[in-house]
Amino acid sequence: MKKRYSIIWFALVIALASCRKYVEIDQLSIRTLKYTSDFRNTMNNNNVLEGTFSYPILSGDDTEITDATRQNSLGDILGNVYSWAPKYTSESQSDGDWEKQYKTIYVCNEVLEGVLTSQDGTEAEKQRIYAEALVHRAYAYLILVNMYGKQFNAATASTDLGIPLLTTPSLYTKLNRTPIAAVYALILKDLSTSISRLPAIADYNVRPSKVSAYAIFAKTYLNMRDFNNAALYADSALALQSALLDLKAYESAPGTIPVRLSNPEIIFSKISSVVYPAISLSSDLLASLGTTDLRYKLFSDVRSRFGSQFSSSFAGRASCRYLINEFVINNGPTVPEMMLIKAECLARAGKTTDAMNIVNGLRIKRFTTANYLALSAANASDALRIIVEEKRREFFGTGMRWFDQKRLNQDSEFALTKNRSFKGVNYTLQPNSNLYLYPVGDKYILLNPELEQNPR
């Protein structure tokens, strides 16, 4: 008999804990979720809850892997991701990004089911833990629906296939794919429910707070093309947290850039599930960066920085963000992202000057005084183009570009055909192609026949 919980693959200790409601006493060697402190400790498990995605780092057009040594080191799954293949995994292989997010959702559902009736904690503690689980779950679903579902389109969202929507920790839930609109409705509901229960700023940026909920609201509404609400929530986030790192202070000492827990730009710390070393940058991105941009100087480097990852003939540059202080890539909500979301929404509303003021407020922190030059836009359309380019420069190597690439296909001026060559074969990604939808792993469909595959 096929097992319905094949999607869950989650930590067995947590899974066993879900069975405690059927017994009268705790089993030996198993700590069940009983006290409020148990749920707090569960929500402190950053190994589970802080992880996000990794495949988009390879998919986006800020990455360009032309070096033969680096291409050959990718392996079959990552090679498929990089070449936008119809399938990524075989029937026996797992999809790490899919599993990571559903593991987060499972843990959150465990907490949401039990924390409010847990023992010994105060009501305020229980409500806060409950709200944190809602925010983590909302963010996991936002990632999943934008990787495996179609881009939100108000006209078709009620019928477009989204992802399995699991709201309880039951291991025997059917895994039919919920429409895009329903997934977004749950994300917005989770965030709305969480706000009143959260502090404005968390003690540590790995924990959800009002500012992180506002930031996820902004990202969600941006994907829904509700630019008014996206701007309002970006503004709400920036009202609580707006500090920027001035990269001039780190030009000669990149090792002193603050780690993620003390980085004032990071609103909600989320890190790539896997760090791919030596991800080379596309030639058009490098041309856009220029050589005086401190992001070019600090966050990219030549072959010698990466040892034997590249062949001796490699003459490009690769992202080295993960080599600075911590072996992680942060791709959670940040102050710069909120600034650029607000700027985009202002440009779309025709407020060219206001939009460019925000862009330049960011850029002045990304150049030495001698090299800084404020940008100007001829009109709102020009401002929007500049903002999209600036966002690409700000977040290269994090995987965030892939989501903008997919989202901006709905704007004719940004709907571009992408090409890349991999192991002697040329590949093309057309605007709005079904290949923008990541394939659901065959392994999961075999075990759960109701789980539909994306069109290819």
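Residues are numbered from 1 along each chain as its sequence is written, and side-chain values use heavy atoms, with hydrogens and water left out. Because the model is predicted, local features need pLDDT of at least 70 and side-chain atom pairs count only at pLDDT 80 or more, while totals for chains, interfaces and linings use all residues.

**Figure 1. Overall architecture of the protein, with 18 helices and 7 strands.** Helices (H or I, at least four residues) and strands (E, at least two) are DSSP runs, numbered from the N terminus. The radius of gyration is 22 Å, close to the 23 Å that the globule rule gives for 456 residues, so the protein is as compact as a globular protein of that length. This radius is taken over C-alpha atoms, and the globule rule is 2.2 Å times the number of residues to the power 0.38. The C-alpha trace spans about 70 × 50 × 45 Å along its principal axes. Of the 456 residues, 58% count as buried, where buried means under 20% relative accessible area, exposed over 50% and partly exposed in between (1.4 Å probe, protein chains only).

**Figure 2. The largest cavity, holding about 500 Å³ of space.** A cavity is a set of points, on a 1 Å grid over the protein atoms alone, where a 1.4 Å probe fits but cannot get out; lining residues have an atom within 4 Å of a point. Grid points are joined across faces, edges and corners, and a volume is the space filled by probe spheres set on the points. Among the 27 lining residues, Asn263, Ile266, Phe299, Arg321 and Asn330 are the closest to the centre of the largest cavity. Helix 13 (294-299) and helix 16 (380-395) each contribute at least two residues to this lining.

**Figure 3. The second largest cavity, holding about 220 Å³ of space.** Its lining consists of 15 residues, of which Lys219, Asn223, Glu337, Met400 and Phe403 lie nearest the centre. At least two lining residues come from each of helix 8 (123-148), helix 10 (210-223) and helix 17 (400-407).

Figure 4. Gly51 is buried, with a relative accessible area of 5%. Residues up to four places away in sequence aside, Gly51 touches Asn46, Lys100, Gln101, Ile271 and Ser273, a contact being heavy atoms within 4.5 Å. Although Gly51 and Ser269 are 218 residues apart in sequence, their C-alpha atoms are 9.0 Å apart in space.

**Figure 5. An open sheet of 3 strands in the order 3-5-4, with antiparallel pairing.** Strand 3 (279-280) and strand 4 (300-301) stand at the edges, each with a single partner strand, so one side of each is left without a neighbour in the sheet. Strand 3 pairs with strand 5 (residues 318-319) in the antiparallel sense over 2 bridges; two strands pair if DSSP finds at least two bridges between them. Ala318 in strand 5 is the bridge partner of Ser280.

Figure 6. Just after helix 6, Trp84 takes a positive phi of about 55°.

Technical notes:
1 Å grid on protein atoms, 1.4 Å probe; cavity = no way out; pocket = protein on both sides within 12 Å on 5 of 7 lines; lining within 4 Å.
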